[in-house]
Amino acid sequence: AIVETAMRSQVELKMDTSDDPRRFVPYVQMHEVEALLFSDTKVMADAFERPDLEAPFAQIVRACGECEEINDHEATAPSKRIERLFPSYRKGSGVRAHAPIVVKRIGVDRLRHACPHFNEWMSTLEVIGL
């Protein structure tokens with residue numbers, strides 16, 4: 001929230017007076033994008049073709065409180081947790097990377113339900129779109 005507020009302030013300072021500052025809605029993913037994958041541990045495990053990993057993935061979410069909070073150290077970042085359980089995890093955004101595949105299967109509605117910060121950002125964008 002602090003970073004997003006600072007970004008908004010800096011952009012507003014540089015905006016032309018005819019620009020609407022509400023149109024700039026910063027979103028900073030608190031941790032790696034992989035945190036979002038934990039929004040549906042069953043879908044994630046199925047995408048990896050490892051249904052046996054659903055329970056360990058769900059335990060990670062329970063231990064952290066919610067998927068957006070998964071990260072308390074470099075060694076326990078979301079991608080590192082996934083890689084420990086599923087060493088074949090492919091990081092990145094290419095066609096063979098796992099994150100885009102899993103997110104697409106989860107869908108935006110489930111992401112919004114499980115990720116309050118992401119949902120808040122999406123809700124703000126929807127209000128602006130009206």
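Student: Is Cys67 buried or exposed here?
Tutor: In this predicted model, Cys67 counts as buried, because its relative accessibility is 1%.

Student: And which cysteine sulfur is nearest to that of Cys67?
Tutor: The nearest is the sulfur of Cys115, 3.3 Å away.

Student: How many disulfides are found in the whole structure?
Tutor: The search of the whole structure returns zero disulfides.

Student: What about Cys115, buried or exposed?
Tutor: Cys115 is buried, with a relative accessible area of 0%.

Student: Which residues does Ser39 contact, leaving aside its neighbours within four places in sequence?
Tutor: Ser39 is in contact with both cysteines, Cys67 and Cys115, and also with Ile106, Arg110, Leu111 and Ala114. Ser39 itself counts as buried, at 2% relative accessibility.

Student: Where is Ser39 found?
Tutor: Ser39 lies in the loop that runs between helix H2 (34-37) and helix H3 (41-47).

Student: Changing topic to helix H4: which of its residues are buried?
Tutor: Within H4, residues 54-64, the buried ones are Phe57, Ala58, Ile60 and Val61. They lie on the same side of H4, because they cover an arc of only 150 degrees around the axis.

Student: What do those buried residues pack against?
Tutor: They pack against H3 and against helix H5 (78-85).

Student: Which exposed residues does the face turned away carry?
Tutor: That face of H4 carries Ala55, Arg62 and Ala63.

Student: And what follows H4?
Tutor: Gly65 follows H4, and its phi is positive, near 100 degrees.

Terms used: Residues are numbered from 1 along each chain as its sequence is written. This is a predicted model: local features need pLDDT of at least 70, side-chain atom pairs count only at pLDDT 80 or more; totals for chains, interfaces and linings use all residues. Side-chain values use heavy atoms; hydrogens and water are left out. A disulfide is a pair of cysteine sulfur atoms within 2.5 Å. Buried means under 20% relative accessible area, exposed over 50%, partly exposed in between (1.4 Å probe, protein chains only). Helices (H or I, at least four residues) and strands (E, at least two) are DSSP runs, numbered from the N terminus. Contact means heavy atoms within 4.5 Å. The arc is that of the directions from the helix axis to the C-beta atoms.
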